[in-house]
Amino acid sequence: MTLRVGLFSSKPYDENVFRPLADGEKVTFDFLNMPLTPDTALLCEKYDAVCVFVNDEVSSATLSALAASGVRHVALRCAGFNNVDINEAHRLGIAISRVPAYGPEAVAEHAIALMLTLNRKTHKAYNRVKEGNFELNGLMGFTMHQKTAGIIGTGRIGQATAKILLGFGCEILCYDPQPDSEFAKLPVAYVGFDELLKRSDIISLHCPLTPQSHHLIDAAALSKMRDNVMLINTSRGAMVDTQAVLQGLKSGKIGYLGLDVYEMESELFFQDHSEQLIDDEVFERLSTFHNVIITGHQGFFTREAMTQIATTTLGNLVAVAAGQAEPANLVLPEEN
Ligand code: NAI
């Protein structure tokens with residue numbers, strides 16, 4: 001029997017990667033250029049499973065509509081699952097699977113790209129040189145060698161980021177409620193949260209969004225940081241209190257801000273809004289700072305990582321349907 005899957009929030013690159021892999025498998029995809037919401041979940045009667053991404057709304061209302069339509073599995077084609085009501089899915093008997101790892105280096109390398117761009121201002125240099133302006137005023141950066149980098153969350157991506165920064169000759173401080181003893185054998189130091197904030201020149205966030213990590217970087221946390229600190233967030237937008245960060249930018253506490261994720265990104269990211277007014281004053285204010293670089297949740301977006309995501313997602317779809325799901329790829333209530 002063919003497994004019928006509605007793939008929501010589909011983009012041409014999703015179709016390009018998933019379609020050839022699905023050939024030969026007992027799976028057919030409908031590539032749907034709309035988000036999964038309580039309303040679009042009502043359209044799922046013909047699907048056995050749905051495949052969703054980071055900003056699809058897998059709320060209790062969506063899950064009830066999916067259950068009523070006979071959908072038995074929500075396959076996340078990403079690692080984070082903060083957009084899913086796991087308890088409700090469990091109660092309704094809907095399996096939730098994800099792709100726990102797909103090349104953490106892809107996201108780590110993007111975090112480093114943000115650091116280097118902010119520091120050496122290559123975005124400004126590019127525009128200047130294009131216009132025949134070879135003036136260096138305003139382009140001065142700092143040497144990263146021997147600077148202190150604080151890594152918050154030392155899972156797969158945090159470790160990959162730390163390893164690159166070790167290559168730069170940075171001192172690495174780490175904070176994680178569950179330190180990794182194998183990783184701790186590298187020349188890195190686990191310290192308390194406050195000590196990391198106080199001592200780091202660069203702070204990079206790599207932990208999942210949970211009730212505990214929501215607004216982890218708030219006004220109180222910012223007040224403990226060095227002046228002119230560089231803050232990088234490639235994890236989830238709501239780890240950072242954006243209003244507090246705006247104040248930190250205005251006061252000069254934050255000297256450099258690199259975001260690949262944004263608290264209200266679901267209204268903006270992955271869509272072309274270039275012909276419209278952007279109706280988000282906080283985002284618009286953030287964009288006015290010259291020392292802020294925002295990318296639209298593209299940390300994962302490499303050929304290699306996309307292929308891995310599609311391969312694992314397809315494996316999850318087939319395995320869950322056969323009742324042979326890989327436990328590590330299932331999200332269960334206690335994980336939340
Ligand atoms: P992981 O599960 O391997 O590691 C997460 C680490 O964070 C664990 O060691 C955990 O103990 C730690 N942690 C949990 N709560 C914490 C807290 N309050 N403070 C400090 N550490 C805490 O996850 P992985 O693969 O490294 O991914 C991290 C996050 O990156 C994901 O949860 C996701 O939100 C984000 N991500 C972003 C992508 C992008 O394209 N920008 C792509 C993939 C993931």
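**View 1. Strands S1 and S3 side by side.** Strand S1 (residues 3-7) and strand S3 (residues 49-52) run parallel and are joined by three bridges. Valine 5 has alanine 49 of S3 as its bridge partner. Strands here (E, at least two residues) and helices (H or I, at least four residues) are DSSP runs numbered from the N terminus, and two strands pair if DSSP finds at least two bridges between them. A word on what you are looking at: this is a predicted model, where local features need pLDDT of at least 70 and side-chain atom pairs count only at pLDDT 80 or more, while totals for chains, interfaces and linings use all residues. Residues are numbered from 1 along each chain as its sequence is written, and side-chain values use heavy atoms, with hydrogens and water left out.

View 2. Step back to see an open sheet with the order S2-S1-S3-S4-S5 and parallel pairing. Strand S2 (27-31) and strand S5 (95-97) stand at the edges with a single partner strand each, so one side of each has no neighbour in the sheet. From one strand to the next, the twist averages 20 degrees. Helix H11 (residues 303-321) lies across S1, S2, S3, strand S4 (73-76) and S5, and runs at about 160 degrees to S4. Contact means heavy atoms within 4.5 Å; axes are lines fitted to C-alpha atoms, for helices over the stretch in contact, and angles run from 0 to 180 degrees between N-to-C directions.

View 3. The side chains of aspartate 30 and lysine 46 meet in a salt bridge, at 3.1 Å from N to O. Aspartate 30 sits in strand S2 and lysine 46 in the loop between S2 and S3, 16 residues apart. A salt bridge is a side-chain nitrogen of Lys or Arg within 4 Å of a carboxyl oxygen of Asp or Glu, and a search of the whole structure finds eleven.

View 4. Five bridges join the parallel strands S10 (residues 229-233) and S11 (residues 254-259), with valine 229 partnered by isoleucine 254 of S11.

**View 5. Around the ligand.** Of the 23 residues around the ligand, Tyr102, Arg156, Ile157, Asp176 and Thr234 come nearest; a residue counts if one of its heavy atoms lies within 4 Å. A polar backbone atom of isoleucine 157 is 2.8 Å from a ligand oxygen atom, and a polar side-chain atom of arginine 236 lies 3.3 Å from an oxygen atom of the ligand.

Note on methods: A polar contact is a pair of N or O atoms within 3.5 Å; within protein, one must be able to donate a hydrogen and the other to accept it, and residues adjacent in sequence count only if both atoms are side-chain atoms.
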